[in-house]
Amino acid sequence: MSGSGYCPQTPEQIREMLSVIGVGSIADLFAVIPAELRARSFELPDGMSEFEMLAGMERLAGRDRRNIVPFIGGGSYDHLIPAVVDHLAGRTEFATSYTPYQPECSQGTLQALYEYQTAICRLTGMDASNASLYDGGTALAEAALMALRITGRKKILMDAAVNPFSRQIVRTYLANLAVEIVEVPAVKGQSDRQAFLAALDDETAAIVLQNPNFFGGVDDFSDLAAAARDRGVLSIVAVYPLSLGLLKTPGEMGADLAVGDGQSLGNPLCFGGPSFGFLVVKKEHIRNLPGRIVGETVDKDGRRGFVLTLQAREQHIRRQKATSNICSNQSLCALRGLIFLAALGREGFAELARLNYDKAQYAKGLLGSVRGVLLVTAGPSFNEFTLSLPKDAATVSERLLAVGIAAGIPLGRWYPGMESCLVVTVTEKRTRAEIDTLATRLEEVLWS
Amino acid sequence: MELIFEKSVPGRHGTILPRSDVPRANDLPAGLLRGESAGLPELSELEVVRHFSNLARRNFAVDTNFYPLGSCTMKYNAKAVDEAVRPFAGAHPVLPYLSSGEAFVQGSLGVIHQLSRLLAEITGMQAFSCQPLAGAQGEMAGIMMIAAWHRSHGQQRRFVVVPDSSHGTNPATAAMAGYEVISVPTAPYGDMDLDAFTKTMNNEVAAVMMTCPNTLGLFNPHVEEICAIAHRHGALVYCDGANLNAILGKVRPGDIGFDVMHVNLHKTFGTPHGGGGPGSGPVGVSEQLLPFLPSPRVTQRTDGSYCLVEAGEQSIGRLANFYGNFGVLVRALAYITMLGRHGLVEVSEQAVLNANYVMNRLKGWYDLPFDSTCMHECVFSASRQMKHGVHALDIAKYLIDRGFHPPTVYFPLVVKEAMMIEPTETESRETLDAFIAVMIEAADLAETNPEALFQAPRTMPVSRLDETKAAREINVCCQ
Amino acid sequence: MDFYFTREHEWIRIDGQVGIIGITAHAVEQLGDITFVELPLPGRKVKQAEVLCAIESVKAASDIYAPLSGKVIEVNELVENKPEIVNSSPEGEGWLVKVEIADPGEVKGLMNRDEYTLYLKGLS
């Protein structure tokens, strides 16, 4: 019996094909593999129909508890996704093609990626984008690698207010390269400017900052970027793309490189992936970018078309001298991002950012007025802010989770001394009623 | 076709957002705001739909065309596999970092754990991490684990050895992990030259990276010996699992001495390639490398529940924002569950049958530099056609006009004018025959009317594109 | 002024203390349309056979090695903006780098034009 249903050859065809090949059986095709190298085990369950499989996956998914109201972010955000995103990105011409090596029969993917690059440049105020990287954290690591290559220096100054997951990824990527990573501690949820200025030296390749930072604080890094430039140091700014509907762009701050995670642009939470990372740079650094880049050109008849370009940077040509080992991108997720941005449009995207801001400010006012609660990020914030609670934040969070509210991310795990602190995220999807309930429940947990 | 930005009409709206149910907050200080709103297109929803629907029609894809792109395993992606993801779409990845939050994502953690166990059995490795976001990142994790393992033995080695036929990601990965690369030539029989390899090895070599079967589509019968030689010099051996589709249930790299390997879920395990990604590259290790696996790891408690564990000090650390390309992991688990033991063996058997069939039918027409039974793909050279001035590229473009996505061309680098054909197991004899007929037609045209090949493609929205202009006059973003 | 050649297909034209370096017509033919030349900074010191700069074409990247040891005193800025000049005039306008020669004795290791022509014949 045919095992899977996805192998179409009939027994008769198999016989004919074997005779064309000139062997007696399929086993003969594997004769080149010596007996002693054969699999010692292959103890997998028997196969099943798609219906049984789907029922099983549904059962497994049922072990996830879905009725939680999330006030958590930390790099992954519960945002609205217009129906057209799933519909259009789900088209199989996008989903079941691959890297557009043959441009004439891949203009759909290529033009979409060129439009994506343009959209990300306009969002961030930067000059040039690649066609996406794996995620925001790895994009930051690639940006750090770029800065090391460009400057020939060996030190990275990284703000401790950068997402801890991203910082861990940077450490992993740089672990074998004899590079010094200096973390500059944040003070009260803000970047410590004096410490940064004191640490900047001629050995430093880059400063790494994030806006809004992990605590939710919003900043303008123009001064740090300028100070860095004076020392020949590059500035890398990580951003939350959705906030750029409202906030000053890395380009306006004078950043040399900007990165971010595209999940908030039309990609579902999906337990953290797939998403996409973007890496955008000033024009002069384009040849140092990792990953695929799509460029405009013309065909033999003078018509506009798009191709993968500057490929001599990449691993398949330059091998060990490539700008990165990356081969795939997150094309389909980047496409989702583009469709999301196009569906909302210029005004809609700005409005969405404003909605996040307004809701979060409402929540910040309300939660900040709960008895005993202090605002750590009392200054400007976007859709996240940090509270200091009169009790251990992990314990409070656990008790709120028990009543179906993921109230925020307790900071103690990453920031010793901040065990009472909770980062609260409020996206446009949270209703006033949900925010009010959170405030009521928080008060109950703290005081009853 | 116009760019979406060129279709924009100021003041036009697409998606309508919910009305705010909270008071408007005070504005942020002007210095923190962007100067003007981002120049995104302004279109109606219908215009957005038309734009992307028409772009989609400008793509060849597995669902519309035979796509024998060698080394990429462009098999059919079962639609049920996509359906399997839906119930998992809402799980928030930060939940496991909240006290008792793991209880809320037992299903999602279960996916990762179950898939890791299945991959371990399929490959004979001890354990897997599903965190790597693509094959290349799996390689990076693997080589970094090898580096950490050497450090734990008080050693700092200098070199990584790769065959010259390897994927570019192998040497690029070695460089990212701080190693110098030594390239070993391919012998006339198509495998890494055993003598040259043996001479290359010394106790400064940290790792040997091999693709199994190799990028010429051949199974190297000396692979166990190569592993043994490497081990004698204290080096570890990495298996690039890009070609696993050929050997499911036949060979397990873990059984024959490989210490680390990655698998490409989007190749072997039937998840869509997405126009370039997302892929997924889980990395598996032998027992001695367990402490070095990326962090965090998903484990199972004795009561059957799943938990997330930050790995110990020896771990190479975190590679991804969260737990990998989770949506791809769900699809791969669905695929393996549906095919099961017999289905997966059949995958490899039919993939190898189809590749050998194409190879035998075409070898009268094209040069076959390594003429022996192939595995899941075969590599021809257009050197015979070169005599008429026809290159592999011209044949590729002609195939496009005839409705076939071309094979991988100009890789591996060790074959001049390479054309690497990987039919996969999901293609019917009828499709293969139609493809073979067009390949033969192209070979005939190379002799009789090469101009017809030079003019191709003529049926696409664009003819051949000027890649030199693209690289000289860089335009990667419209103003 | 004498031309000398390397096995990696660079040429150097020696004019007293100064050597002008470029790549040969054969190298250009192998690379195809050149899209970018990454030139060294003036002042940099290189040893013979060390990587001096890099050249990119659409589908290839190639390191250029210093034919002789020396110090970079000038680079051809023209090819930075118009890399196609290397294609059209590899031994003329498409020169890459001028160096101040450190050790004229190293010329012994290079080929003259006849030897290079013979060497090319051996390759094909």
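I began with Arg472(B), which forms a salt bridge with Glu84(C), the closest N and O atoms being 3.8 Å apart. A salt bridge here is a side-chain nitrogen of Lys or Arg within 4 Å of a carboxyl oxygen of Asp or Glu. The model is predicted: local features need pLDDT of at least 70, side-chain atom pairs count only at pLDDT 80 or more, and totals for chains, interfaces and linings use all residues. Residues are numbered from 1 along each chain as its sequence is written, chains are lettered from A and ligands numbered from 1 in the order in which they are written, and side-chain values use heavy atoms, with hydrogens and water left out.

**Chain C against chain B.** I found two salt bridges across this interface. Eight residues of chain C touch four residues of chain B; contact means heavy atoms within 4.5 Å. The buried area is about 490 Å², with 50% from carbon and sulfur atoms. Buried area is the accessible area (1.4 Å probe) that two parts lose on being put together, summed over both. On the chain C side, Asp33(C), Thr35(C) and Val58(C) lose the most area to chain B, together 66% of what that side buries.

**Chain B against chain A.** Here 213 residues of chain B are in contact with 189 residues of chain A. I noted a buried area of about 17,400 Å², and carbon and sulfur atoms give 62% of it. Arg34(B), Phe104(B) and Val476(B) supply 5% of the area that chain B buries against chain A, more than any other three residues. The rule finds seven salt bridges across this interface. I also looked up Arg304(A), which forms a salt bridge with Glu6(B), the closest N and O atoms being 2.9 Å apart.

**Helix packing.** Next I took helix H1 (residues 11-21) of chain A and helix H9 (residues 326-362) of chain B, which pack at about 50° with axes 9 Å apart. H1(A) is therefore oblique to H9(B). Angles under 35 degrees count as roughly parallel, over 145 as roughly antiparallel, 65 to 115 as roughly perpendicular and the rest as oblique. Axes are lines fitted to C-alpha atoms, for helices over the stretch in contact, and angles run from 0 to 180 degrees between N-to-C directions. Helices (H or I, at least four residues) and strands (E, at least two) are DSSP runs, numbered from the N terminus. Among the residues making the contact are Ile14(A) and Met17(A) of H1(A), and Leu353(B) and Tyr357(B) of H9(B).

H1(A) also meets helix H12 (residues 429-448) of chain B: the axes come within 11 Å and cross at roughly 35°. Gln13(A), Glu16(A) and Met17(A) face Arg429(B), Glu430(B) and Leu432(B) in this contact.

**Within chain A.** I found Arg354(A) and Asp358(A) joined by a salt bridge (3.2 Å, N to O). They are four residues apart in helix H13 (residues 331-368) of chain A, so about one helical turn separates them. Over all chains, the search finds 52 salt bridges.

**Backbone checks.** I logged a cis peptide bond between Ser295(B) and Pro296(B), with omega about -5°. Pro296(B) lies in the loop between strand E7 (283-285) and strand E8 (297-300) of chain B. The bond from Ala456(B) to Pro457(B) is cis too, with omega near -5°. Last, I checked Ser132(A), where phi is near 105°, a positive value in a residue other than glycine.
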